[in-house]
Amino acid sequence: MNIANLLIKSAQAFPDYVALAKGETPHLTYRNLLRKVSVMATHLRHRLTLQPGDRVAFAMTNGVEAIEIMYAIWHAGLVAVPMNAKLHPREFAFILQNAGARVCVVTPDLAESIAAIKADCPALERIIDVTTRDYSFMAVGDPLPAAMTAPTDPAWLFYTSGTTGRPKGATLSHRNLLAMTLNYYADIDRPEPGGSILHVAPISHGSGLWNFPVLARGGVQVFPDSGRYDVPETVGLLRRWPDATIFLAPTMVKRLIDHPAAADITPGQIRTITYGGAPMYVSDLKTSLDMLGNVMVQLYGQGESPMTITHLSRAEHANRDHPRWEPRLASAGLPDSCVEVRVVDEAGTPMPTGEVGEIIVRGETVMSGYWQNDAATAKSLRDGWLWTGDVGCFDEDGFLTLKDRSKDMIISGGSNIYPREIEDVLNTHPAVQECSVIGRPHAEWGEEAVAFVVVREGQRITGAELDTLCLENIARYKRPKDYKFVAALPKNNYGKILKTELRKLV
Ligand code: AMP
């Protein structure tokens, strides 16, 4: 089934319900959203001459247009390539090249950045700014029937940062996205028509993926006017659009419960907060439950098996009398309905209960591979199993606890930072002999990057110079917040840098 059918069905079942809202203001009903999307599909196919399977990217600060363009893309049988608005132009360029996107839709704040790299992206024919007539004109004309797609056709290229320093496009099919949606109803929640989802986290990731279960149930997708996460604004929106579903990274949950405005939230305004993407402190989780009621549901997933590997249900959060309530809160919960999850040794043999190994996943949500990257695909997908790179163990009741993250990844403010990416940039400086980047705990962001640098003999360099180099090459949020100049890096017998030793130093 083409995932665009979710909208077609909602337009039949809930034609007059509000589908999209800009802040407190309704933007389109389901009937009108379907109409707009199917006219936009005509433009994509006939005016812009895109062919089934062609890629359309977008670089957008959160806004209603992201939902419009995504459904227009699927309705037209094309492939969506959502990009995180915070990426560096070089990262945008890499993704646009790798995806071979022919069109890129932008919000005005990103229009210049994308225009500046257009020459480096041979396939990119057109950039459409959602505030121009070029975009509004796409709503004028005749509708197109939804394209017939095969379940395995790609629908969404989810670009994750790779440990190789280059983003990899996890190819998610229509079937993957449908399975993820149905799994939400099975394991997380079944939202009621007329409820809402507040998109305060980037639409290119978890919040965008959760659009499906709410849209298919006739809820309204609300985009804050500020285009970002602001706690008082979020609390205000809850008054206007109650029974809300919100996806938050753990650091965002912490910002919510630490803010005085959270005291104004009343029962029924928040239906569900799904949190995940990084570990959450149990103390924060308990505070959230005490303050907000039984609304928390955890998910553990990754772009390669979107939002679905394990979950810790609402009921488990509420099960305070259970003797293992606390360890369960610290776990990532039970395997999702649509996947098999194992903890294995290097050969793929399942580990006994309680023993730590790599987490592998198989099932309906697992990606078909990385777009145009067979080598990375072969490494991650083996005999139908996705090797997550995460390490953990099962307890006797089947709850999975994550022991470590994909080796050395840093998670700052809910965004993944791969040290290798930063190290690659620092290593281009002629005075840098070697370097290593690790995460340091940070009260607000969870973690922040710190670089250890060995300077070549006879040369000098400052942290400010390295900071400038990073700003020129990678997204702002990824750059190290501290540079530590050292005489040598700790290494093991094989000459591998021991990040574990560096971590002890911070
Ligand atoms: P991404 O592909 O950007 O969604 O990042 C996925 C990674 O985030 C996973 O492989 C885990 O390392 C981490 N992660 C996701 N969910 C959780 C969770 N509930 N608890 C701890 N880490 C998580």
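Biologist: Let's take buried as under 20% relative accessible area, exposed as over 50% and partly exposed as in between, with a 1.4 Å probe and protein chains only. What share of the 506 residues in the protein is buried?
Modeller: Buried residues account for 57% of the 506. Keep in mind that this is a predicted model: local features need pLDDT of at least 70, side-chain atom pairs count only at pLDDT 80 or more, and totals for chains, interfaces and linings use all residues. Numbering runs from 1 along each chain as its sequence is written, and side-chain values use heavy atoms, leaving out hydrogens and water.

Biologist: Got it. How many helices and strands does the protein have?
Modeller: There are 18 helices and 25 strands in the protein. Both are DSSP runs numbered from the N terminus: H or I over at least four residues for helices, E over at least two for strands. The C-alpha atoms fill a box of roughly 70 × 60 × 50 Å along the principal axes.

Biologist: On to the ligand! Which residues come nearest to it?
Modeller: Q298, L299, Q302, G303 and D390 come nearest, out of 15 residues around the ligand. A residue counts as near if one of its heavy atoms lies within 4 Å.

Biologist: And which strand gives the largest share of that shell?
Modeller: Strand β13, residues 296–302, with 5 residues of the shell.

Biologist: How many bridges join β14 and β15?
Modeller: 2 bridges, in the antiparallel sense. T310 has P335 in β15 as its bridge partner.

Biologist: What does β17 pair with?
Modeller: β17 (residues 357–363) pairs with β16 (residues 339–344) over 6 bridges in the antiparallel sense. There, E340 has R362 in β17 as its bridge partner. β17 also pairs with β19 (residues 385–394), again antiparallel, over 4 bridges. In that pair, E358 stands opposite V391 in β19.

Biologist: New topic: what is phi like for M307?
Modeller: Phi of M307 is positive, near 60 degrees, and M307 is not a glycine. For background, most residues other than glycine have a negative phi. M307 belongs to strand β14, residues 305–312.

Biologist: Is M307 buried or exposed?
Modeller: M307 is buried, with a relative accessible area of 8%.

Biologist: And D383, what phi does that one have?
Modeller: About 50 degrees, also positive although D383 is not a glycine.

Biologist: So where does D383 lie, and is it buried or exposed?
Modeller: D383 is in the loop between β18 (381–382) and β19. Its relative accessibility is 75%, so D383 counts as exposed.

Terms used
Pairing = 2+ DSSP bridges.
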